[in-house]
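Subject: Handover of a structure and its findings

Dear colleague,

Please find below the structure that I am handing over to you.

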Amino acid sequence: MFRKMRRFNQQLSDDKCRDILKIQWRGVLSLLGDFDYLMACR
């Protein structure tokens, strides 16, 4: 379903992602779509 990350050695584990989401209360989520369209949500 998902493509493999290009820089897979920089990928965070699921547990680390959950910890960050629990601790931090603000941030920016940036995604790159299939057509290389940058999306950033605040």
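In what follows, a pocket is an open set of points on a 1 Å grid over the protein atoms alone, where a 1.4 Å probe fits, with protein on both sides within 12 Å along at least five of seven lines; a lining residue has an atom within 4 Å of a point. Grid points are joined across faces, edges and corners, and a volume is the space filled by probe spheres set on the points.

Please note that this is a predicted model, in which local features need pLDDT of at least 70 and side-chain atom pairs count only at pLDDT 80 or more, while totals for chains, interfaces and linings use all residues. Residues are numbered from 1 along each chain as its sequence is written, and side-chain values use heavy atoms, with hydrogens and water left out.

The second largest pocket holds about 440 Å³ of space. Its lining includes Met5, Gln11, Leu12, Asp14 and Cys17. Helix α1 (residues 14–23) gives the largest share of that lining, 4 residues. Helices here are DSSP runs of H or I with at least four residues, and strands are runs of E with at least two, numbered from the N terminus. By class, the lining of the second largest pocket divides into 7 nonpolar, 3 polar and 2 charged residues. In this scheme Ala, Val, Leu, Ile, Met, Phe, Trp, Tyr, Cys and Pro are nonpolar, Asp, Glu, Lys and Arg are charged, and the others, Gly among them, are polar.

The largest pocket contains about 730 Å³ of space. It is lined by 13 residues, of which Arg3, Lys4, Met5, Arg6 and Leu32 are the closest to its centre. Strand β1 (residues 29–32) supplies the largest share of this lining, 3 residues. The lining of the largest pocket comprises 5 nonpolar, 2 polar and 6 charged residues.

As to the overall fold, the protein has 1 helix and 2 strands, arranged α-β-β from the N terminus on. Its C-alpha atoms fill a box of roughly 30 × 25 × 20 Å along the principal axes. Of the 42 residues, 2% are buried (under 20% relative accessible area, with exposed meaning over 50% and partly exposed in between; 1.4 Å probe, protein chains only). The accessible surface comes to about 5000 Å², and carbon and sulfur atoms account for 55% of it; such areas come from the Shrake-Rupley method with a 1.4 Å probe, and for residues only the protein chains shown count as cover.

Trp25 sits in the loop between α1 and β1 and is exposed, at 71% relative accessible area. Trp25 and Met5 lie 20 residues apart in sequence and 26 Å apart in space, C-alpha to C-alpha. Tyr37 belongs to the loop between β1 and β2 (38–41) and is also exposed, at 59%.

Finally, the structure holds 1 salt bridge, that is, a side-chain nitrogen of Lys or Arg within 4 Å of a carboxyl oxygen of Asp or Glu. The side chains of Asp15 and Arg18 form it, at 3.4 Å from N to O. These two residues are 3 apart in helix α1, so about one helical turn separates Asp15 from Arg18. Asp15 is exposed, with 53% relative accessibility, whereas Arg18 is partly exposed, at 46%.

With kind regards
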